[in-house]
Amino acid sequence: MNEAAGPIVAAQPAAADYAAWKDWRAERFGTFSRRDGCYFDWHVARATGEPARHLRVLEIGFGNGGFLGWTRQRGHRVIGVELSEPLVARARDAGFEALTRTDQLATGAQFDFIAAFDVLEHVPMPDVVPFLKGLGQRLAPGGRILLRFPNTESPFGQWYQNGDVTHVTSLGLSRMRQIAPRSGLRLMHWGDRLPWHHEPGASRAPAGLYHLMRIVFERFLRKMYRLDRSLDLSPNLLVVLAHAAPDPPP
């Protein structure tokens with residue numbers, strides 16, 4: 001919900017052992033794979049346009065801190081918000097600024113980049129628009145919001161959505177096209193797939209072959225089932241949002 005009514009938070013996972021089920025181990029907090037680093041590099045640069053300055057970053061629902069670790073390594077200033085107090089304690093032990101609620105942020109604090117990976121599917125549908133409005137209130141002029149969630153418009157996203165009992169909301173590109181303007185935001189672009197030429201070096205050749213095979217397969221599916229060409233068939237959907245008003249001139 002928006003900050004006029006309360007803090008920006010996602011639904012509390014129902015299971016007390018959620019972190020154990022996700023295999024979020026304390027000794028791995030803040031670490032990320034080489035491919036994850038390429039993934040974050042690509043999507044943040046795509047969203048922000050290769051910023052010359054370091055970003056003020058807010059991450060909602062940081063889990064075991066992979067993106068927090070990436071932001072620190074890249075020299076950005078980051079604050080994480082996570083409902084799980086044990087995960088907040090892990091973050092603080094690792095030297096990150098971490099909170100359990102966004103209303104603990106400094107009054108008027110704004111951010112150049114707000115990320116919420118695998119969070120929105122935990123937010124009940126009636127709360128999604130207020131949730132996004134609250135994020136918009138924290139977004140600096142020219143800033144970007146990055147959201148990733150299971151792509152329930154794709155048959156390949158159903159396992160991601162239905163494999164977790166704490167997922168309560170189904171989302172896809174069509175719904176985001178309706179939700180964004182209601183939230184005072186505009187959809188900038190979408191797509192979760194990391195281009196093959198941005199994969200780690202040793203993986204580029206097989207990734208290029210996989211990419212080609214996937215293009216052919218997805219085109220066949222779209223033609224066979226007469227699907228909209230804009231339909232993204234990736235298991236996850238990643239979208240980038242900005243304020244509805246045009247960005248201010250540089």
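Biologist: In which helix is the place of Phe217, and how is such an element to be read?

Modeller: Helices (H or I, at least four residues) and strands (E, at least two) are DSSP runs, numbered from the N terminus. Phe217 is in helix α8, a helix that spans residues 204-225. This is a predicted model, in which local features need pLDDT of at least 70 and side-chain atom pairs count only at pLDDT 80 or more, while totals for chains, interfaces and linings use all residues. Residues are numbered from 1 along each chain as its sequence is written, and side-chain values use heavy atoms, with hydrogens and water left out.

Biologist: Is Phe217 buried, partly exposed or exposed?

Modeller: Buried means under 20% relative accessible area, exposed means over 50%, and partly exposed lies in between (1.4 Å probe, protein chains only). Phe217 counts as partly exposed because its relative accessibility is 41%.

Biologist: Which residues form a nonpolar patch on the surface?

Modeller: Patches are made of residues with over 30% relative accessible area and no salt bridge; like charges are joined within 9 Å, and nonpolar side chains (Val, Leu, Ile, Met, Phe, Trp, Tyr) within 5 Å. The areas come from the Shrake-Rupley method with a 1.4 Å probe, and for residues only the protein chains shown count as cover. Here the nonpolar patch consists of Phe156, Phe217, Phe220, Met224, Tyr225 and Leu227, with about 620 Å² of accessible area together.

Biologist: With which residue does Arg214 meet in a salt bridge?

Modeller: Side chains of opposite charge can pair when their charged atoms come close. The rule for a salt bridge is a side-chain nitrogen of Lys or Arg within 4 Å of a carboxyl oxygen of Asp or Glu. By this rule the count comes to 10. Arg214, in helix α8, meets Glu218 at 2.8 Å, N to O. These two residues are separated by about one helical turn, because they are 4 residues apart in helix α8. Glu218 is buried, at a relative accessible area of 6%, and Arg214 is buried as well, at 14%. A network of salt bridges links Arg193, Arg214, Glu218 and Arg222.

Biologist: Which residues does Arg214 touch, not counting residues up to four places away in sequence?

Modeller: Contact means heavy atoms within 4.5 Å. With those sequence neighbours left out, Arg214 touches Arg193, Leu233, Ser234 and Pro235.

Biologist: Which salt bridge links distant parts of the chain?

Modeller: Asp118 and Arg148 form a salt bridge with their closest N and O atoms 2.6 Å apart. Asp118 is in the loop between β4 and α5, whereas Arg148 is in strand β5, 30 residues apart. Asp118 is partly exposed, at 29% relative accessible area, while Arg148 counts as buried at 16%. Another salt bridge joins Arg28 to Asp23, with the closest N and O atoms 3.4 Å apart. Arg28 is partly exposed at 37% relative accessibility, and Asp23 is partly exposed at 35%.

Biologist: In which sense do β4 and β5 pair?

Modeller: Two strands pair if DSSP finds at least two bridges between them. The pairing of β4 with β5 is parallel, over 6 bridges, and Phe117 has Arg148 in β5 as its bridge partner. β1 and β4 are also parallel, over 3 bridges; Leu58 has Ile114 in β4 as its partner. Between β1 and β2 the sense is parallel over 5 bridges, with Val57 bridged to Val78 in β2.

Biologist: Why is β4 largely enclosed by the rest of the structure?

Modeller: 7 of the 7 residues of β4 are buried, so the strand is largely enclosed. For β1, 4 of the 5 residues are buried, so this strand is also largely enclosed by the rest of the structure.

Biologist: How many residues does the largest nonpolar core have?

Modeller: In soluble globular proteins, nonpolar side chains tend to be buried together. A nonpolar core is a set of buried Ala, Val, Leu, Ile, Met, Phe, Trp, Tyr and Cys residues joined through side-chain atoms within 4.5 Å. The largest one has 30 residues, and those with the most contacts inside it are Ile60, Leu120, Leu132, Leu147 and Met176. Elements giving two or more residues to this core include β1 (56-60), β4 (111-117) and β5 (139-150); α5 gives the most, with 5 residues. Apart from neighbours within four places in sequence, the contacts of Ile60 include Val81, Ile114, Phe117 and Leu135. A second, separate core of 23 residues includes Phe40, Val57, Phe67 and Trp70.
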